[in-house]
Amino acid sequence: MSLESVTESVDEAVSGFFEPIASWLGEVVFYAVPVGGTDLPLIVTWLVVAGLVFTGWFGFIQIRKFRLAVDVVRGKYDEKGSAGEVNHFQALTAAVSGTVGLGNIAGVAVAVSIGGPGATFWMILCGLLGMATKFVEVTLGVKYREVHTDGTVSGGPMHYLPKGLAERFGRNGRTLGKVLAVLASFMILFFGLFGGNLFQVNQSYAQLVSVTGGEDGAIGSSAGALFFGILVAALVGIVLLGGIRSIANVTSRLVPAMAGIYIVACLVVILANVTAVPDAVTAIVERAFNPQGVAGGVLGALIIGFKRAAFSNEAGLGSAPIAHSAVKTKHPASEGLVALLEPFIDTVVICTMTALTIVIANPASLGEDIGGVTITSDAFETVMPWFPYVLTVAVMLFAISTVLTWGYYGLKAWTYLFGRSRTSEVTYKILYTVFAIAGSLLTLQTLIDLADAVLFSLAVINIIGLYLLAPVVKRELDSFTEFVRARKAGGGTGGGDDQEPEKTTV
């Protein structure tokens, strides 16, 4: 029996078993109501409303504290002796590597092709709102993290939900928090294996095959797929064994490199059509409020833009706090401020650059059908015929960085569920690398769809916790603000404000 027939049989068997489950859960999580001639997914509304609430609650913190956030990333307010494993910049790049991916390339093209240029405006707005949500969840991630005896750190919703709710509401809060923590861990682990690992490897392999002669090319065979999967698995396994320090060292170089390559490519297209820039910007703004040919009109364009932004930056899903919790700091809110830069980089900068490039280049494929990465690739190809090869490099970098970060997220979920023993951790790392190999051989689309639904169901649990714990975040912000004032005034650490974040040593 050939390898192709085996993989096809596995795909069919998995799809046949999980398809009813994936279909049901997808209908529940992504339930949409008809509004103004288009469908409004309630989960997107849930995420956007959270962004609005936290933006108001913290007084437009994404604008007021933007410069301070940049200063924190630069290390201006670092303190010696802070618990943690990585610096602010490394924590930021590790978390960004989990969100910046194919959604920034293909997802934006989908938004523009369905919602027109105006969808870009609403996508940017959603990204700006998501900055406030990221601030809240990451501040809690650092506040309630666990610093282990070996110096490693664990954080995320599986830690701040039980601890934070117990602190505020006593025994009942602790019980509820523990139940939510187990559910959150399972959801993060499931998505990590299928969405953050298998899907990324599968799509990067598909792009590589497309530029090397297709199925008849050098690596189009099953043997080529197996070799690619083993190579990626080996790279991921080596880095994953080193923990968050190793991942941060890689992503702190990989993320700027991949973002740099992609942004430079966008600028090349934009500068080559510089006279079209004013009209493109005008089209984005005007068609946000007067879209042409978009189902649902203005509301349709708004929903499409919000949906793509929510899927892109993951604000409110509870994943990013896992990476940020490993930061070296004594002030949880300092890393919360760093985290609010994530949606800005992911959605406001990279997604906007993609959309502007597509609108300016206006590739022929844009008007043919609803497409993804091909529309983006065609837009670049109008100026750079060789761009598919550059896009392949970008996709590879995006995919590998995402696999690495979600490998770490999944590890923290796994150890919360099954313990931190060496055997437990090695078991997970072997399982994760095996999934990377499978990614180049299998599609398992049904499981990937199920993973998407599972991850976004986490947003329901996570955001409820964020609302309940927002007063804690307010206190942490006030504490860090006082510390900054004292530092600027030359008052040293700011006295009693320079306290260790609450942590548990295990």
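This is a predicted model: local features need pLDDT of at least 70, side-chain atom pairs count only at pLDDT 80 or more; totals for chains, interfaces and linings use all residues.
Student: Is His159 buried or exposed?
Tutor: His159 lies in helix H8, residues 157–210. Buried means under 20% relative accessible area. His159 has a relative accessible area of 6%, so the residue is buried.

Student: Which residue has a side chain joined to that of His159 by a polar contact?
Tutor: Leaving aside residues up to four places away in sequence, His159 touches Tyr144, Glu146, Ser154 and Tyr416. A polar contact of 3.4 Å joins the side chain of His159 to that of Glu146.

Student: Which residue forms a salt bridge with Glu146?
Tutor: Glu146 is in strand S3 (residues 146–147), and its partner is in helix H8, 17 residues apart. Glu146 counts as buried because its relative accessibility is 15%. The closest N and O atoms of the pair are 3.5 Å apart, and the partner is Lys163.

Student: How many residues apart in sequence are the parts that Glu342 and Lys134 tie together?
Tutor: Glu342 and Lys134 form a salt bridge, with 2.8 Å between the closest N and O atoms. Glu342 belongs to helix H15 (residues 341–361) and Lys134 to helix H7 (residues 118–143), so the pair ties together parts that are 208 residues apart in sequence.

Student: Which helix holds both Lys474 and Asp478?
Tutor: The side chains of Lys474 and Asp478 meet in a salt bridge of 3.3 Å, N to O. Lys474 is partly exposed at 33% relative accessible area, and Asp478 is partly exposed at 36%. The two are four residues apart, about one turn of the helix, and both lie in helix H19.

Conventions. Residues are numbered from 1 along each chain as its sequence is written. Side-chain values use heavy atoms; hydrogens and water are left out. Buried means under 20% relative accessible area, exposed over 50%, partly exposed in between (1.4 Å probe, protein chains only). A polar contact is a pair of N or O atoms within 3.5 Å; within protein, one must be able to donate a hydrogen and the other to accept it, and residues adjacent in sequence count only if both atoms are side-chain atoms. Contact means heavy atoms within 4.5 Å. A salt bridge is a side-chain nitrogen of Lys or Arg within 4 Å of a carboxyl oxygen of Asp or Glu.
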